[in-house]
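Please examine the arrangement of helices and charged side chains in the structure shown here. The paragraphs that follow lead through some of its contacts step by step.

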Amino acid sequence: MDEIEVNNAKILVVEDENIVALELKKRLKKLGYQVSSVASTGKEAINKAEGFLPDLVIMDIRLKGDMDGIQAAQTIRERFNIPIIYLTAHSDNETLKRAKQTEPYGYILKPFEEDDLRTAIEIALYKHQMENSPIK
């Protein structure tokens, strides 16, 4: 199985603050990724994950609506086997404990550096690819 090319990796951004979502989208494009879509609620994230089948989801934990990012990530992982990286301002013990249960491929705290984002994405894509490769 060929490694996913960096500039071919499609990423779904889930962030309910429009300014943050636009900045993240801009940075991802600068790093050479395709941003397949942006969602602002958990339900929208699940629908867009199903529609676009991205290679990776970058998920904020606190979202508007009745479903937070952790619940949305769990559903996306179970239904579509898409790796999730959390990008959040929240690192309290309870949030971290809940997030760990969804087996994320990364956890980045805001504010973030571009290098941290790129590194987390590359490792997540590689790890997911190796776990799902028919040849182990």
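**Salt bridges and a helix pair**

At 51% relative accessibility, glutamate 103 counts as exposed in this predicted model. The side chain of glutamate 103 forms a salt bridge with that of arginine 77, at 3.9 Å from N to O. Arginine 77 belongs to helix α3, whereas glutamate 103 sits in the loop between α4 (93-100) and β5, so this pair ties together parts that are 26 residues apart in sequence. Arginine 77 is partly exposed, with a relative accessible area of 25%.

Helix α3 (residues 69-80) also packs against helix α2 (residues 42-52): their axes come within 9 Å and cross at roughly 20 degrees. Angles under 35 degrees count as roughly parallel, and α2 and α3 are therefore roughly parallel to each other. Their crossing is right-handed. On the α2 side, the contact includes Gly42, Ala45 and Ile46, and on the α3 side it includes Ala72, Thr75 and Phe80. By class, this contact has 6 nonpolar, 2 polar and 2 charged residues.

The side chains of arginine 79 and glutamate 50 meet in a salt bridge of 3.5 Å, N to O. Arginine 79 lies in α3 and glutamate 50 in α2, so the pair ties together parts 29 residues apart in sequence.

A further salt bridge, 3.5 Å from N to O, joins the side chains of lysine 110 and aspartate 60. Aspartate 60 counts as buried, at 4% relative accessibility, while lysine 110 is partly exposed at 23%. Salt bridges with shared partners join Glu15, Asp60 and Lys110 into one network. The whole structure holds 11 salt bridges.

Terms used:
Residues numbered from 1 in each chain as written. Predicted model: local features only at pLDDT ≥ 70, side-chain atom pairs only at ≥ 80, totals over all residues. Heavy atoms only, no water. Axes fitted to C-alpha atoms, helices over the stretch in contact; angles between N-to-C directions. Helix = DSSP H or I, 4+ residues; strand = E, 2+ residues; numbered from the N terminus. Parallel < 35°, antiparallel > 145°, perpendicular 65-115°, else oblique. Left-handed = near helix turned anticlockwise from the far one by under 90°. Contact = heavy atoms within 4.5 Å. Nonpolar A, V, L, I, M, F, W, Y, C, P; charged D, E, K, R; others polar. Salt bridge = Lys/Arg side-chain N within 4 Å of Asp/Glu carboxyl O. Buried < 20%, exposed > 50% of the residue type's maximum accessible area, 1.4 Å probe, protein only.
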